[in-house]
Amino acid sequence: MTREETVLNYLREHGIPFTNYNHPEGKTIGEARRWWHNDGSMHCKNLFFRNHKGDRHYLVCFDCNHDLNIHDLERRLKERLVAQGQPSCGKLSFASPERMARYLGLEPGSVSPFGLINDTGNHVHLFLDVRLKEAGSLSFHPNDCRGTVVIRREDFERYLQSVGNTYEYLPLY
């Protein structure tokens, strides 16, 4: 079964409505933008980080029309984690392709929250920009950069509850 089929089957099996379409490969936002339909969804950018010790991993999702300053993100995440009584994330760096494969079952260019399906140990913590709450629907790769899944935000949150990873919304920029 392909990574895309795994995602679509998971959503169907959990009664989570979505639409999807396929298109030529788009490993970056710039490439993918050419193929996106004008479906009214907020297209999301997804970045996978590790802490300085390599024992914590974070998936960060935000509106693709914004950029993130990694040092500012690091500061925001540290503040949030410490305020919750959790260990600070320390210095962040992008996770290697090997870590991405190990924890999300994905390769660079196909990162999405749907990779959490493969994180059966619920190791990865998801940070979502608070502005995603304003969107009626969101769109992500279905773990393959040759497709797009459009999902209502409420249904996306149902998906997150079903996979069981911890997640939270916070202002990222």
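The protein has five helices and eight strands; helices (H or I, at least four residues) and strands (E, at least two) are DSSP runs, numbered from the N terminus. This is a predicted model, in which local features need pLDDT of at least 70, side-chain atom pairs count only at pLDDT 80 or more, and totals for chains, interfaces and linings use all residues. Residues are numbered from 1 along each chain as its sequence is written, and side-chain values use heavy atoms, with hydrogens and water left out.

**Whole chain.** Start with the cartoon. Along the sequence, the pattern reads α-β-α-β-β-α-β-α-β-β-β-α-β. Show the C-alpha trace: it spans about 40 × 30 × 25 Å along its principal axes.

Colour by accessibility. Buried residues make up 51% of the 173 residues. Buried means under 20% relative accessible area, exposed over 50%, partly exposed in between (1.4 Å probe, protein chains only). Now turn to contacts, defined as heavy atoms within 4.5 Å. Among contacts between residues at least 6 apart in sequence, 65% join residues at least 24 apart.

**Glu-4.** Select Glu-4, in helix H1 (residues 3–13). Is Glu-4 buried or exposed? It counts as buried, at 13% relative accessibility. Next, show what Glu-4 touches: Asn-20, Asn-22, Pro-142 and Asp-144, not counting residues up to four places away in sequence. Draw a C-alpha to C-alpha distance from Glu-4 to Asn-22: 10.0 Å, for residues 18 apart in sequence.

**Helix H4.** Move to residues 97–104. Which residues of H4 are buried? They are Met-100, Tyr-103 and Leu-104. These residues lie on the same side of H4, because they cover an arc of only 85° around the axis. The arc is that of the directions from the helix axis to the C-beta atoms.

**Last stop.** Step past the end of H4 to Gly-105. This residue follows the helix and has a positive phi, near 65°.
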